[in-house]
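Let's take a friendly walk through a protein model, one piece at a time. Have the structure open beside you as you read.

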Amino acid sequence: MDLKSSHVSSVPADPVIPNKSRLGMQSSLLTYSQQDLPLSPGKYSRTSSRKSAGSLDDVRSNGWLDAMIASSPPKKKPVKGSNAHFDFTVEDNASSMMRATVRSVANYFPTAIISGRSRDKVFDLVKLKDLYYAGSHGMDIICPFSQTLSNNHPSCVKSTDNQGKEITLFQPATEFLPLIDEVFRTLVDITRDIEGVKVENHKFCVSVHYRNVKENNWTTIGQIVHDVVKKYPRLRSTHGRKVLDIRPVIDWNKGKALEFLHESLGLNDRDDVFSIYIGDDKTDEDAFKVLRESNRGYGILVSSVKQESKAFFSLEDPTEVMKFLQLLVNWKRQGERKTSEL
């Protein structure tokens, strides 16, 4: 699933929290330890693609190169018949099955996608209307309109969707749009000679992807990104899976977005809600932390290699994610069927 995103399902739960055996995931859903993640490394240095080796030592000495490598663990060789990566941009059978599975989940549970991509891009990829979308790491959210929500969050704006329904548009970083656009153009220009690099403008953040860049050029990319960000004190850089994100310096992340969605959907004061958050990126740790500390849900890390995480469980790849979601839907259907029989 090429979303680099998370799926949040706020689930009206039974009095007993679903566990591994109830959902039938004894072999795939692995328990994670409760160790804290190491602190993120500090700021990075800058260079052009032709700076001296002495300048490049900056990103090595402050640990940024190590962080880039740690944030991008090598993937295990896929087992024959499995799909290690879904891509909604390609209309193949696997992507169609995943889309159908997410649609089924949304039929039974309030479901949202929180992504580092822009909200419009995420919707264009997923193409499902019955979901809530939070783009740019949660800095661009559309949710049902609530006057109370607008009163609590000054950045909320009342609007209407394509169907004429009242909605709330939440964009707490609008003032940063000119800076983001300027940084995007600068990075596109500076990195144009580095083979494989991809720079994307996700409205409220800029992403520099180095998935297709030779590893001996990662230091150069890290140096370039940090040196550009250094010129903008109101922006910061964060690590993802083979991506560096440039974001506004505001107290907002995917964890805050998860809390905002809970509030907007009226779930905060209910005692029958249990949230499941599935993600594969370092930026998802903020949401895992929220669920762990609030004791109101489980975070599930998608990774083929063992990592420190605040998630409670792990799944190896998107194929296992799809199977887990299908089991969740079947569990809900069976519960409704038993209720109707009473």
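## Strands that pair up

Before we start, a quick definition: two strands count as paired if DSSP finds at least two bridges between them. Also keep in mind that what you are looking at is a predicted model.

Now find strand S6 (residues 156–160) and strand S7, which run antiparallel and are joined by 5 bridges. Together S6 and S7 make a hairpin, with 5 residues sitting between them. In that turn, look for Gly 164, which has a positive phi of about 85°. For a landmark on the pairing, Cys 156 stands opposite Phe 170 in S7.

S7 (residues 166–170) has another partner too: S5 pairs with S7 in the antiparallel sense, over 4 bridges. Here the landmark is Cys 143, which stands opposite Thr 168 in S7. A handy rule when you look at strands like these: in a regular strand, side chains alternate between the two faces of the sheet.

Lys 127 has a phi near 60°, and Ser 136 has one near 50°.

Where do they sit? Lys 127 is in the loop between helix H5 (119–126) and strand S4 (132–135). Ser 136 is in the loop between S4 and strand S5 (140–144). Are they buried or exposed? Lys 127 has 48% relative accessibility, so it counts as partly exposed. Ser 136 comes out at 0%, so it counts as buried.

Next, find helix H9 (residues 254–264) and helix H10 (residues 285–294). Their axes come within 6 Å and cross at roughly 55°. Angles from 65 to 115 degrees would count as roughly perpendicular and those under 35 as roughly parallel, so H9 and H10 are oblique to each other.

Who makes the contact? From H9 it's Lys 254, Gly 255, Leu 258, Glu 259 and His 262, and from H10 it's Asp 286, Ala 287, Val 290 and Leu 291. Sort the residues of this contact by type and you get 4 nonpolar, 2 polar and 3 charged.

## A residue tucked into a strand

Last stop: Ile 276, which belongs to strand S12 (residues 273–279). Its relative accessible area is 7%, and the cut-off for buried is under 20%, so Ile 276 is buried.

Ile 276 and Arg 296 are 20 residues apart in sequence, and their C-alpha atoms are 9.0 Å apart in space.

Note on methods: Residues numbered from 1 in each chain as written. Predicted model: local features only at pLDDT ≥ 70, side-chain atom pairs only at ≥ 80, totals over all residues. Heavy atoms only, no water. Helix = DSSP H or I, 4+ residues; strand = E, 2+ residues; numbered from the N terminus. Buried < 20%, exposed > 50% of the residue type's maximum accessible area, 1.4 Å probe, protein only. Axes fitted to C-alpha atoms, helices over the stretch in contact; angles between N-to-C directions. Parallel < 35°, antiparallel > 145°, perpendicular 65-115°, else oblique. Contact = heavy atoms within 4.5 Å. Nonpolar A, V, L, I, M, F, W, Y, C, P; charged D, E, K, R; others polar.
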